[in-house]
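The coordinates are shown for reference before the comments.

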Amino acid sequence: MNHKPSPREETLDAPSMQDRIRLALEQDLRNGALLPGAAIDEQALCERFQASRTPVREALLLLSAKGMVSILPRVGIYVRHLDPRELVAMMEGLAELEGVLARLAARRINAEQRAQLQAALAQTAAHAQKADSIAYEQANARLHDLIYQSSGNTFIVEQTREARLRVAPYRSKMFEKPERLLHSQAEHEVVVAAILAGNSEVAAEAMRNHISAGGSAFADMVLSTVSAHVMQPRRRKRASSEKKGSHC
């Protein structure tokens, strides 16, 4: 007989307001809606989520603890800037983490995951050929997520996702050049072929090369991103509200 969850169980399973706000802001960081240096307005967030100030502050404190935002007393709250040295260090760490996951995926991937990975690779190939950077970026995230799932190691996956989130605002422009899409797709094909062949060391090395902080695409991206933020002064940007309300 199917178990029907009680109202209390449904409440426990539902994300808290604090988590809803945090997850939404993390998504804003991933998709470029919040860029490094952008000001975050607490009042606007209260209105956007129809929430009191407490869960908004708790969500921002969690993001601050993760190094994603800077809370400056009597100054404001900003998306944290990373200097070039920090960015390179994070990308080096991300390359190693993703390499480990690719190695594990080559050893542990099952039949269903193999089919899903092949389908995801076909999707990235189609978007790369069309030079559709937005669709490619979404398909790229799906492909990497399938490799994470195939690794069977939730601890390393969690660390990898945190690292990807930290550098997401700086990597969002990497796929704007059509040639980068084609290079990225070629790298994907090497990684996926090694995983499907069960060649764990080749898969790990190919993934490290794909993510590598030493790549010219990433170096160019770092220089252009940092230069843009140095040249442009910070402006206090109010987040758009979804609903008006008398919260906070």
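1. The buried residues of H2 are covered by elements that include helix H3 (42-49), helix H4 (53-65), strand E2 (76-79) and H8. The buried residues in question are Ile 21, Arg 22, Ala 24, Leu 25, Glu 26, Asp 28 and Leu 29, where buried means under 20% relative accessible area, exposed over 50%, and partly exposed in between (1.4 Å probe, protein chains only). Helices (H or I, at least four residues) and strands (E, at least two) are DSSP runs numbered from the N terminus.

2. The model is predicted: local features need pLDDT of at least 70 and side-chain atom pairs count only at pLDDT 80 or more, whereas totals for chains, interfaces and linings use all residues. Residues are numbered from 1 along each chain as its sequence is written, and side-chain values use heavy atoms, with hydrogens and water left out.

3. The chain holds 11 helices and 2 strands. In sequence order the pattern is α-α-α-α-β-β-α-α-α-α-α-α-α. Of the 248 residues in the chain, 42% are buried. Among contacts (heavy atoms within 4.5 Å) between residues at least 6 apart in sequence, 76% join residues at least 24 apart.

4. Helix H2 (residues 17-31) comprises 15 residues and reaches 21 Å from its first C-alpha to its last, close to the 21 Å expected at 1.5 Å a residue. That expected span is 1.5 Å times one less than the number of residues. Just after H2, Gly 32 takes a positive phi of about 85 degrees.

5. How many cavities of 30 Å³ or more does a search of the whole structure find? The search finds 1, and about 70 Å³ of space lies in the largest cavity. On a 1 Å grid over the protein atoms alone, a cavity is a set of points where a 1.4 Å probe fits but cannot get out, and a pocket is an open set with protein on both sides within 12 Å along at least five of seven lines; lining residues have an atom within 4 Å of a point. Grid points are joined across faces, edges and corners, and a volume is the space filled by probe spheres set on the points.

6. The lining of the largest cavity consists of Leu 29, Gly 67, Met 68, Val 79, Arg 80, Leu 82, Leu 165, Arg 166, Pro 169 and Tyr 170. Helix H8 (residues 154-171) supplies the largest share of this lining, 4 residues. By class, the lining residues are 7 nonpolar, 1 polar and 2 charged; Ala, Val, Leu, Ile, Met, Phe, Trp, Tyr, Cys and Pro count as nonpolar, Asp, Glu, Lys and Arg as charged, and the others, Gly among them, as polar. The largest cavity lies between domain 1 (17-79) and domain 2 (84-224), because both give residues to its lining. The domain bounds come from an automatic or database domain assignment.

7. The largest pocket has a volume of about 630 Å³. It is lined by 18 residues, of which Arg 30, Glu 137, Ala 141, Arg 164 and Ala 168 are the closest to its centre. H2, helix H7 (133-151) and H8 are the elements that give two or more residues to this lining, and the largest share, 8 residues, comes from H7. The lining of the largest pocket has 6 nonpolar, 6 polar and 6 charged residues. Domain 1 (17-79) and domain 2 (84-224) each contribute at least three residues to that lining.

8. Lys 66 is placed in the loop between H4 and strand E1 (69-72) and is partly exposed, at 24% relative accessibility. Leaving aside neighbours within four places in sequence, Lys 66 is in contact with Arg 22, Glu 26, Glu 162 and Arg 166. Lys 66 and Glu 162 are 96 residues apart in sequence, yet 8.3 Å apart in space, C-alpha to C-alpha.

9. Two backbone positions deserve a check. Most residues other than glycine have a negative phi. Gln 50, which is not a glycine, has a positive phi of about 50 degrees; Gln 50 is in the loop between H3 and H4 and is partly exposed, with a relative accessible area of 30%. Ala 131 has a positive phi near 55 degrees and lies in the loop between helix H6 (111-129) and H7.
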